[in-house]
Amino acid sequence: MTDAPAPGRLDGARVLVVDDDPDIRTAMALALRAEGAVVETAEDGSVALHRVQAFVPEAVVLDLMLPGQSGFTVLEQCRKHQPAPVVVMVTANQGRRHEAFAQSMGAHAYLVKPVPLARLIDAVARGLGR
């Protein structure tokens, strides 16, 4: 008998990670995969918009400050999809106006970097109802 790994909190969830910093993007992707998520990544807003179309994620972990298209533009486009993915904004911007604007646009959570990976996973899991 083989011991199968215990299912993770995000088992099978499709998650797109968008961040222009390759180290941050990789760390978030690895943490989400460790919880069972199927993860795609994008390094800028323009690539993210294409991946949202092709990958059809259930959740998007989205940096605010991106080359190409801003995180707000990506968030706006994500909200137009049916069903719309859960969007967790992750940014170094601590401004309350940005947070309020992101939430008014439908962001599920707004996390300020550096974000502990456990907190990121909790936000994605809560957004997906897990």
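## Val-56, out in the open

Val-56 counts as exposed because its relative accessibility is 51%; exposed means over 50% relative accessible area, buried under 20% and partly exposed in between, using a 1.4 Å probe and protein chains only. You'll find Val-56 in the loop between H2 and E3. Its phi is near 50°, a positive value in a residue that isn't glycine.

Keep in mind that this is a predicted model, where local features need pLDDT of at least 70, side-chain atom pairs count only at pLDDT 80 or more, and totals for chains, interfaces and linings use all residues. Residues are numbered from 1 along each chain as its sequence is written, and side-chain values use heavy atoms, with hydrogens and water left out.

## The buried face of H3

Helix H3 runs over residues 71-79, and its buried residues are Gly-71, Phe-72, Val-74, Leu-75 and Cys-78. They fall within an arc of 160° seen down the H3 axis, so they line one face of the helix; the arc is taken from the directions from the helix axis to the C-beta atoms. Helices (H or I, at least four residues) and strands (E, at least two) are DSSP runs, numbered from the N terminus.

What do the buried residues of H3 pack against? Their partners are helices H2 (45-55) and H4 (96-104), plus strands E3 (59-63) and E4 (86-91), with contact meaning heavy atoms within 4.5 Å.

## Two cis prolines

Gln-82 and Pro-83 are joined by a cis peptide bond with omega about -5°. Pro-83 sits in the loop between H3 and E4.

The Lys-113 to Pro-114 peptide bond is cis too, with omega near -5°. Pro-114 belongs to the loop between strand E5 (109-112) and helix H5 (117-127).
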